[in-house]
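Dear colleague,

Please find below the structure that I am handing over to you. My notes on what was found in it follow directly after.

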Amino acid sequence: MPARFGTKISAPLRAGAQGRRGVGQRMAHPEDDLQITCANWLRAQHPKLLFHHSPNESDGSKAYSARLKAKGRRAGWPDFEVMGFGGVTLFVELKSRRGRHSPAQETVRDMLMARGHRIETVRDFETFRALVTDWIRETQQ
């Protein structure tokens, strides 16, 4: 049976959700779905590759957000860090088709690039797969 990289996730339903989503329908989380698909692919296809997802989303609690910030969370940090051999790191920011970079993301991007890191924005799984595959090929030479 071939490996499946996409996954259907269950998301919380808002009580009484209205509008284009009817009551009881799943809330759309396109960036979350893309992150899960990419992480599943990395685990399945490159089990020895070291990567990390930095969750910068919040549960809505100001106290919890303040605690994360105190512990070192940085607004604008890319979604994935993919560590290669020899100190080479690829940073990937995942965005939905309509997603936009925040000012904090632009600042962090510029800071990472100024330090010689590669950072890319990806909007779909095929682009992510090609990016990581090419990056692995480039960095293993």
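Gln-105 lies in helix 3, where helices (H or I, at least four residues) and strands (E, at least two) are DSSP runs, numbered from the N terminus. The model is a predicted one: local features need pLDDT of at least 70, side-chain atom pairs count only at pLDDT 80 or more, and totals for chains, interfaces and linings use all residues. Residues are numbered from 1 along each chain as its sequence is written, and side-chain values use heavy atoms, with hydrogens and water left out.

Gln-105 is buried, its relative accessible area being 13%; buried means under 20% relative accessible area, exposed over 50%, and partly exposed in between (1.4 Å probe, protein chains only). Leaving aside residues up to four places away in sequence, Gln-105 touches Gly-76, Glu-93, Lys-95 and Arg-100, a contact being heavy atoms within 4.5 Å.

Helix 3 is followed by Gly-116, which has a positive phi, near 90°. In the loop between helix 3 and strand 4 one also finds His-117, which is partly exposed at a relative accessible area of 28%. What does His-117 touch, not counting residues up to four places away in sequence? Its contacts are Thr-89, Phe-91 and Leu-112. His-117 and Thr-89 are 28 residues apart in sequence, yet their C-alpha atoms are 6.4 Å apart in space.

The 4 strands form an open sheet in the order 1-2-3-4, with mixed pairing; two strands pair if DSSP finds at least two bridges between them. Strand 1 (50-53) and strand 4 are the edge strands, each pairing on one side only. From one strand to the next, the twist averages 20°, with axes taken as lines fitted to C-alpha atoms, for helices over the stretch in contact, and angles running from 0 to 180 degrees between N-to-C directions.

The individual pairings are as follows.

- Strand 1 and strand 2 are antiparallel and share 4 bridges; His-53 stands opposite Phe-80 in strand 2.
- Strand 2 and strand 3 run antiparallel and are joined by 4 bridges, with Glu-81 partnered by Phe-91 in strand 3. These two strands form a hairpin with 5 residues between them, and Gly-86 in the turn has a positive phi of about 75°.
- Strand 3 and strand 4 run parallel and are joined by 5 bridges; Glu-93 has Thr-121 of strand 4 as its bridge partner.

The core and helix 4

The largest nonpolar core has 19 residues, and those with the most contacts inside it are Phe-80, Val-92, Leu-94, Phe-128 and Val-132. Such a core is a set of buried Ala, Val, Leu, Ile, Met, Phe, Trp, Tyr and Cys residues joined through side-chain atoms within 4.5 Å. Helix 1 (30-45), strand 2 (80-83), strand 3 and helix 4 (125-139) each supply at least two residues of this core, and helix 4 gives the most, with 6 residues.

In helix 4 the buried residues are Phe-125, Phe-128, Leu-131, Val-132, Trp-135 and Ile-136. They cover an arc of only 125° around the axis, which puts them on the same side of helix 4. Their cover includes helix 1, strand 2, strand 3 and strand 4.

The chain overall

The chain has 4 helices and 4 strands, and along the sequence they follow the pattern α-β-α-β-β-α-β-α. Of its 141 residues, 30% are buried. Among contacts between residues at least 6 apart in sequence, 62% join residues at least 24 apart.

Yours sincerely

Key
Arc of directions from axis to C-beta.
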